[in-house]
Amino acid sequence: MQDFELWWLLVFPVFFGLGWLAARVDMREVLGQARRVPASYFTGLQALVDDKTEQAASALAEVVRHQPRAAELHVALARLYRKRGEHDLAIRLLTQLLQHYADDLTPLQRDATRFELAQNFLRAGLIDRAEEILVKLDHGSLAHEARKCLLEIYQQERNWPRAIELARELKSEDFSFQHELAQYHCELAQGALIKSDFASARRHVNDALTASRRSCRASLIAGDIHLAQGEIDEAIRCWQGIESQNPDYLSLAAERLFDAYDRQGRAAEGLVLLRGYLRSYPQLELLDVLYPKIAAQHGDAVALEFLRDTVRARPSLTGLGRLIEAQQAGFEPEQRVDAELGRTLVQSHGKRLNVYRCKRCNFRSKVFFWHCPACGEWESFTPNRTETQ
């Protein structure tokens, strides 16, 4: 037993010596690789830090020329090209890498390269090419990211059944896709309603409300379906239900509600309802709906009093223009000319500032969208216009 322990004592120095030698060899290899890195690499990094993307792209392209098999570097340069909008350069760079060195890449590197190539095809408008690549990545290491891009493509193509299928696959604890699923079903319901396919429209509205009970758009369409089939009471019930979902969207249902009440000979009751909404929710854009209907029901004097009270409670250029217009009839001829000039200027300025706005990206539009054309977010547009610079 003692001879065995002495033998191990002789072996220990050998192990330490081998470890020291290996460390020296590794350090020399690291230093050698550092010396072999082109100076353009560090120039490119410095340019990126300074946000000089053109200089960075030029420097990194020089590095890629010296390192044609460096997949990560190709992908990084392609992303830089994509950021600069130079999709053709990115596509050419990645295509050459996959054509000439695909066998030298690991599966993860190949997937990352193909995914970046699909991103550039998508941004360049070559949707079919992007979809072809992303479908092949659906079962790879980047499957989740590929499916999210495919979802974006199906939205652009208005392929709502496929978008629904993919959104359900992507559902997780972190993101439920409830708003997206509700909107996809609403798109299908709207299409079915246009074709008078009421059964399909009802089914998709129910699916939308199952995905999101707070879907105001589903309630709007449900009311339209009932109204088209002569079920006026049911239509009113659906539109009134928007108050419990999100009262801001009542402004989109106001005209529908009044028309439904009017068809039943209950126009006065409809006016009372809408004026009650305006008192409870002053942010609602109901002035253009209520003023002419109050004038028709109760006369110009009552309508003017309503208009004056509303504008004083919540001043706006649009309301002020309406107020000037309503009072012009009682002015003297010379005063009427001045008032018309003031009304024209106020309303012109108001129309320029009066916009719907995306709450996510602040994109502004004269037209209301359920799907923001700038950032792609659903249900992000304010249903009531704001006067803002």
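A salt bridge is a side-chain nitrogen of Lys or Arg within 4 Å of a carboxyl oxygen of Asp or Glu. The model is predicted: local features need pLDDT of at least 70, side-chain atom pairs count only at pLDDT 80 or more, and totals for chains, interfaces and linings use all residues. Residues are numbered from 1 along each chain as its sequence is written, and side-chain values use heavy atoms, with hydrogens and water left out.

**View 1. Arg79, Arg82 and Glu116 are linked in a network of salt bridges.** Between Arg82 and Glu116, the closest N and O atoms are 2.9 Å apart. Arg82 belongs to helix α4 (residues 71-83) and Glu116 to helix α6 (residues 107-123), so the pair ties together parts that are 34 residues apart in sequence. Helices (H or I, at least four residues) and strands (E, at least two) are DSSP runs, numbered from the N terminus. Glu116 is buried, at 2% relative accessible area, whereas Arg82, at 22%, is partly exposed. Buried means under 20% relative accessible area, exposed over 50%, and partly exposed in between (1.4 Å probe, protein chains only). The structure holds 17 salt bridges.

**View 2. Glu152 and Arg123 form a salt bridge.** The N to O distance is 3.7 Å. Glu152 is in helix α8 and Arg123 in helix α6, so the pair joins parts that are 29 residues apart in sequence. Glu152 has a relative accessible area of 30% and is partly exposed; Arg123, at 40%, is partly exposed.

**View 3. Glu131 is buried and has no salt bridge.** This residue lies in helix α7 (residues 127-136). The nearest side chain of opposite charge, Arg162, is 6.6 Å away (Lys and Arg count as positive and Asp and Glu as negative; His and the chain ends are not counted). Not counting residues up to four places away in sequence, Glu131 touches Leu150, Ile153, Tyr154 and Glu157, where contact means heavy atoms within 4.5 Å.

**View 4. Helices α12 (residues 216-228) and α13 (residues 232-240) cross at roughly 170°.** Their axes come within 7 Å. Axes are lines fitted to C-alpha atoms, for helices over the stretch in contact, and angles run from 0 to 180 degrees between N-to-C directions. The two helices are therefore roughly antiparallel (over 145 degrees). Among the contact residues are Leu220 and Leu227 of α12 and Ile232 and Trp239 of α13.

Methods:
Angles under 35 degrees count as roughly parallel, over 145 as roughly antiparallel, 65 to 115 as roughly perpendicular and the rest as oblique.
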